[in-house]
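Welcome! Here is a friendly walk through a protein model, meant for someone meeting it for the first time. Please have a look at the structure before reading on.

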Amino acid sequence: MDQRYPPVSMFGVPTDVGAGTRGASMGPEALRVAGLGEALRARGVDIADAGDVPGPKNPWLGPVDGYRHLDQVVAWNQGVFETTQAILRDGRMPVMLGGDHCLAIGSIAAVAAHCRREGRSLRVLWLDAHTDFNTSTITPSGNVHGMPVACLCGIGPDALTRIGGHVPAIVPSQVRQLGIRSVDQDEKRLVKEHRLDIYDMRYIDEVGMKRAMEQALQGLDRDTHLHVSFDVDILDPTIAPGTGTPIPGGVNYREAQLIMEMIADSGRLRSLDIVEVNPALDNRNATAELAVDLVESLFGKSTLMRD
Ligand SMILES: NC(=[NH2+])NCCC[C@H](N)C(=O)O
Ligand SMILES: [Mn+2]
Ligand SMILES: [Mn+2]
């Protein structure tokens, strides 16, 4: 299997405007300090650091009409969209360092537009404790990081659903969600209604991670673009405490490695988000360091034994 990767451009998006706890804005620097660039370079990946996307400061206000900081969320996502698009046009693989998970609206909208242009199929693998499928009317918090999947599927405010120029940017059948264990009451109804393909922790407990991942990756073909949106709160909080909305009962270290190894084996990874690292809540950068370790596996580190 072809284990080579296209050249990578990582970029930081230092904001927490979509979250209800401050600190994910420090995520990009924490991932750099944990050695993300060096680790991938040591693996032979051609990786450049495109620096940080600019955007407005966090005004730290309450929700208005069901959204907290909607204007700021839109502005940041516009920047993410443009940066992701420019990287893809250069023939490189975008790796977004968040920031909170609302930023996946911009990155995935750009990836979807790119796939549409190139006539390639897109699969989104959403690694998360949460389904992030809320809307302004059902959200318990108003935090837009709980809404990106819905927005990408065309359910949300125009300013966010239209970012990629095509509404909806993606359809639910392109998405697989893995690691889920916290879904709000009305959000449950909505994900069922839209038939999201969800591999929740209960399912993983019952069938095991190998089988769950095989199913989540089923149907990829030679020219499928696989986008991985890695919310570090998929991990159990005992190993990844540095995140704003930790939920007990997450994936353990070996399960997390297996997820990444199986994605690497697919040979289809073409874009990545690493989001919700919150250094203010972390224990000596352990969460960023674990994320770097896992991303190394995503780029083939632990396939050595099978080469
Ligand atoms: N990307 C995240 N960490 N999302 C957490 C969302 C939590 C909760 N469901 C909410 O909507 O407020
Ligand atoms: Mn999330
Ligand atoms: Mn989450």
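## Around the ligand

The shell of residues around ligand 1 divides into 1 nonpolar, 9 polar and 5 charged. In this predicted model, 15 residues surround ligand 1, and the closest are His 101, Ser 141, His 145, Gly 146 and Thr 245.

## The sheet

Now for the strands. An open sheet of 8 strands runs in the order S2-S1-S3-S8-S7-S4-S5-S6, and its pairing is parallel. Its edge strands are S2 (47-52) and S6 (197-200), each of which pairs on one side only. From one strand to the next, the twist averages 15°.

One pair in this sheet is S1 (residues 8-13) with S3 (residues 93-98), joined in the parallel sense over 6 bridges. Within that pair, Val 13 stands opposite Gly 98 in S3. Helix H3 packs on the sheet, where H3 touches S1, S2 and S3. The direction of H3 makes about 155° with that of S3.

## Helices side by side

Two packed helices are described by the angle between their axes and the distance between the axes.

| Helix pair | Angle between axes | Distance between axes |
|---|---|---|
| H3 (residues 70-89) and H4 (residues 104-118) | about 40° | 7 Å |
| H10 (residues 253-266) and H11 (residues 286-298) | about 30° | 7 Å |
| H9 (residues 209-216) and H10 | roughly 30° | within 10 Å |

Let us begin with H3, the helix that packs on the sheet. H3 passes H4 in a right-handed crossing. On the H3 side, the contact is made by Asn 77, Gln 78, Val 80, Phe 81, Thr 84, Gln 85 and Leu 88. H4 brings Ile 105, Gly 106, Ser 107, Ala 109, Ala 110, Val 111, Ala 113 and His 114. By class, the residues of this contact of H3 with H4 are 8 nonpolar, 7 polar and no charged.

How are H10 and H11 oriented to each other? Angles under 35 degrees count as roughly parallel, and H10 and H11 are therefore roughly parallel to each other. Ala 256, Gln 257, Met 260, Glu 261, Ile 263 and Ala 264 in H10 meet Leu 294, Ser 297 and Leu 298 in H11. The contact of H10 with H11 has 6 nonpolar, 2 polar and 1 charged residues.

H10 also has H9 as a partner, with axes that cross at roughly 30°. H9 and H10 are therefore roughly parallel to each other, and H9 passes H10 in a right-handed crossing. Met 209, Lys 210 and Met 213 of H9 make the contact with Glu 255, Leu 258, Ile 259 and Met 262 of H10. Sorted by class, the contact of H9 with H10 holds 5 nonpolar, no polar and 2 charged residues.

## Backbone details in the loops

Most residues other than glycine have a negative phi, and most peptide bonds are trans. Some places in this chain are worth a look with that in mind.

Which peptide bond joins Val 167 and Pro 168, cis or trans? The bond is cis, with omega about -5°. Pro 168 lies in the loop between helix H6 (158-161) and strand S5 (175-180). The peptide bond from Gly 98 to Gly 99 is also cis, with omega near 15°. Gly 99 belongs to the loop between S3 and H4, and Gly 98 is the residue that Val 13 stands opposite in S3.

Finally, Asp 65 is not a glycine, yet has a positive phi of about 50°. Asp 65 lies in the loop between S2 and H3.

Methods:
Residues numbered from 1 in each chain as written. Chains lettered and ligands numbered in written order. Predicted model: local features only at pLDDT ≥ 70, side-chain atom pairs only at ≥ 80, totals over all residues. Near = placed C-beta within 6 Å. Nonpolar A, V, L, I, M, F, W, Y, C, P; charged D, E, K, R; others polar. Axes fitted to C-alpha atoms, helices over the stretch in contact; angles between N-to-C directions. Helix = DSSP H or I, 4+ residues; strand = E, 2+ residues; numbered from the N terminus. Parallel < 35°, antiparallel > 145°, perpendicular 65-115°, else oblique. Contact = placed C-beta atoms within 7 Å. Left-handed = near helix turned anticlockwise from the far one by under 90°. Pairing = 2+ DSSP bridges.
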